[in-house]
Amino acid sequence: MISVEAVSKQFSGEPVLRRLSFSIPDGQITALLGANGAGKTTCLRIITGLVKADAGSVYVNNLHVSTHPLEARRQLGVVGDREGLYERLTVAEYLSFFASAQGLSGSELTWALNSVRDELELESLWHRRTKGFSQGERMKVSLARALVHRPKHLILDEPTRGLDVLAARLLRKTLLRLRSEGVAILFSSHIMAEVSELSDKVLVMANGVVVANGTPEELLQRTECKNLEDSFVALAYGRKAEREAVV
Amino acid sequence: MNFTRRMFTAPMRALIRKELLEVWRDRRALGLALAFAILFPGLIAAMIMFALKSQGEKTFRVALIGGENVPVLEQQLSKGSFQLDSLSESDPASLLNNNYDAVVKIADGFADDYRNFRSPKVYLYVDGSNRFSGRGATHVQKNLGELQQLIVQQRLVARGVAVQLMAPWQVQVRDVSTPSSRSTWIFSSIPMLLIMTLFVGCLSSSIDTSAGERERMSLEVLLQQPVEAWQIVLGKVIAVSSISWFASILALTSLMVVFPFLPLAEMGIKHATTVWGAVTIALALLPLALLIAVLQILLALRSQSFKDAQTQLSILQFLPVTLLFILDMSAIELKGPLWQLVPLVAQQQWFKVLLVGDSISVAWVIAGSLVSLLLVVGCILGGARALQRESLLGAT
Amino acid sequence: MLWIRGLLIITLGFCVWVSLAVASSAESDNFESCHLDGWGSSLLCTDLPVGEGDTAVDLAVMIAPAVNDIGREPIYLLAGGPGQAASHLTPILNALHKVNQDRAIVLVDRRGSGYSGAFDCGINREITMDLGVVSERLSECYLEKTTFANALNSRQAVEDLEKVRIHLGHGKIALWGGSWGTRTALLYQQWYPDSLSVLILDAVAPIDTKVFLTARAAENALRKLELDCSEDPICAELGNWRVELDQLLVSWDKSGGANFPDPRSGDRLKVDIPRSFLQNLIRTALYAPETAAQIPFAVSQAGSGNYLPLSGLAGLLSDSGMSVGLTLSVACAEELNRTSSEELAADSRGSFLGTAFFEFFEEGCRVWPVAPFSYKKPEPRNHPVLLISGEADPITPYYYADQNLNYLSGAKHLLVPGGGHINTMRGCVPELIKIFLNSPSEALDTACLDDIQRPPFMVGFFGPEIDIPKTKEKVRVQEGSL
């Protein structure tokens, strides 16, 4: 479980997060929604330890990310908004490096690499350098990197962006499998169809606070909208924006 | 020992391996490093050949006008490194324009005047604007001087005068230079070029591994891993310096290979770099390679973008060498103990000494290298702090 | 653990490096930088103590290190005399500067010479004409240092040399010997054949040749000078100066000896000059072609009563630089003892020199009673040997190279036209030496020796004539096995 407790953050005097609090339970997929500038990326970076919170605490599996950064990071798998591949390494070398960085070695390492290769259908790419990979292939390698050490928590920043149909399907399939294995999954997205199909829970952020937190059905109920998109617009931009969008 | 243990953990090894793979597979960086390492001995060889041409033994073309009547002079002038052409009446100026290094003209009635002790004239024409002309003239004077000395001796003997009377004392020139010190001038540029190789050798890869990785966003992923920031910097420094160290060793090795083929001994110059000296140079280059690598990485990390890093580092390439050059020129006594602790200056001094085959104080080399290594450690810690700065990653 | 192993290897490597560093800095500690007159560059010098008690001496060893040491064997120079110091061989060092580019040249002052306890009995710098005075002083000198004088011989010199070779850590060495130095070199070859790579012998004194019988050789050199002079159109005009010389010698005591001018002060010398002085003056002038070229004019002037040129020539030749004690110890024990009066008479008959050279040693050895030292018959040796001779050498004539050296199977002979005693520095000889040292078993192209000529003869008070072409000298070159 990831819990964010009263986290505040300012950038050059501008408050980006204001006493933000939520938790991501195990075995569930949580979607993080928010307009651009709502503080989503900052929030995710605080959870992964790239950015320090000005106030408040973040716990990953009860580990405080500031006081136990290395331990907390071992609990996390992260897929960023860019893949962060090394073009001069092969997929095998790339994944082997991150698995070792996570502390795997020996037969444990081999097993982790083999299983992630099979799960994400990477055989044909395995010994190729990642230069010139398609968007879908890049996403697969990036996801494999996030999963190779079997983290209990997975964070994805707009994972389906630019993916073809097959890759998107594989991603969805994988997320659903991980959920069944008890992994806590947090992903940000703009695609409402995907959110409504995948997520058990939806968090909507606006102006650095969570404005809504619940199952998609609860959100629809609360906003009295027919679909999640309208509901999101209503929550994130307010009623006025929603009406304008309808007109 | 916590630190040492962490130095050798599996994640640390994986980091180093990853950085090494990245750096050594970068064709452009490798090409640049190797090209410089190969170019460098070529440059030195060319320099030495040029020096030899202007210094070493050369056959001078000398024209002798009116020499057919004084065969003894003619014979004397053709001794040694001369190609002597005996010509009848001709214009000295046009002969000098025509590839002659010097023209000797014998005055009319020379032999008669000589026999009658009237000190006849020998005219020596030179072209002062021609570098070889002056040296040709010196050689002519030396050859004529030998004959002159013989004649003076005979004239003194004929009068019953001991030749020693002409030499109230003898001046014995004692050159205290050793073949190694004579060669210092030629070897003094080599340390500079070796240090330059360290800079250029890791230029491309230090930008790629820092500013490049940031731009490709893979740095963010790296920072999310459960490794310490200093470990990340250390991995990069080791990988980046490995390529420049390799380049400098390659340059040194190719120099060692080229040297025996250069006609150094003819110039009275000793090529005495011992294997021990070369190994010491190679070892002493390592701390410097690490220091230069970490400095270049830090600077590249600080810059706004990849392009900006390229501009800043290009300037940095020339800065230290210019500085060393100025120090060299300014005649500051660099042999003092304090300078032995200043990175760059210290290494330059050691290499100069080692290249000519002299030995240096091991204690100072170790002390100086430790100073460099301490700076490396400081820079790595500084780099680690820089990596943790939020602004490093750019927009939120 | 892997990293412990890694650390261990690094530490070990570092220790090796440090010990190498310390070792290499200690290596050159025993040598001091030093200089010799006539050689501008600095040398490495060291002292090696040899002998015990009264014979103890610190041997002076001087090394001109190779400019570029590429592992070629060093060459040792052995000086002549006996009694000359190797440290006086700087002209040879200059001639061999190209050899020095890749070979060290080692000079060792043998015991009793130069910087190795010069044994000169105080007779080094002044010329005394009176043989009686000289032998008196020698007698005192011998009594004063009898043990030292008795111990000096070729065996000792060779043993000392071998000690130096071992001390310097040299493997095989090349030896250059000049004049008496060739004798020492040939003996070294007999006793230490395995320490030797090649021999270069300039003005050879073979082991079985009695080189103190010099009258015939000097006469031949003078006749060669006569021949060369008569073939030179200008020198030929001086007429028959040889007859004038013979007349001078006959009538010397009455004419020249009484009023011979001092070349330094210009005054008449107070003492009568013996005839042997003139004989030895001509002999000595024949050593170098430069001085030999002045003999015809000086003699013909003396013939007409002007002794100044002869006196000038004497002034040119006065300093010998020999350590006379060493000279006598070796000469008396090894040469005078085996030379009979019959042989002396046969040698001096019909020569201008007569016994004038020998009698000094005869006189000297009488007050220098060292025990005879004889050599064994030389055994065959096949080291490459380069013999260098001058056509007009008055002391070790070129034909010595063809006598008593049959036991050498690898010898080549360079004959320098018009050359006197010691020819290493003439013309292309240094170049040929370098080629010989680098490939001792290959044939030498000696054509360049033809270019070596006598310097112009002195023919007038103005010196040499310069405007009439000299005839090219006839050149004889011998090469091949002896």
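## Interface of chain A and chain B

Chain A brings 31 residues and chain B 29 residues to the contact between them, contact meaning heavy atoms within 4.5 Å. The model is a predicted one, in which local features need pLDDT of at least 70 and side-chain atom pairs count only at pLDDT 80 or more, while totals for chains, interfaces and linings use all residues. Residues are numbered from 1 along each chain as its sequence is written, chains are lettered from A in the order in which they are written, and side-chain values use heavy atoms, with hydrogens and water left out.

About 2900 Å² is buried between chain A and chain B, with carbon and sulfur atoms giving 58% of that area; buried area is the accessible area (1.4 Å probe) that two parts lose on being put together, summed over both. On the side of chain A, the residues losing the most area to chain B are A:L50, A:Y86 and A:R88, together 25% of what that side buries.

## Salt bridges

Four salt bridges are found across the interface of chain A and chain B, each a side-chain nitrogen of Lys or Arg within 4 Å of a carboxyl oxygen of Asp or Glu. A:R88 forms a salt bridge with B:D208, where the closest N and O atoms are 2.5 Å apart.

## Helices α12 and α13 of chain C

In chain C, the axes of helix α12 (residues 295–303) and helix α13 (residues 308–317) come within 7 Å and cross at roughly 135°. α12(C) and α13(C) are therefore oblique to each other, the class left after angles under 35 degrees (roughly parallel), over 145 (roughly antiparallel) and 65 to 115 (roughly perpendicular).

Key. Axes are lines fitted to C-alpha atoms, for helices over the stretch in contact, and angles run from 0 to 180 degrees between N-to-C directions. Helices (H or I, at least four residues) and strands (E, at least two) are DSSP runs, numbered from the N terminus.
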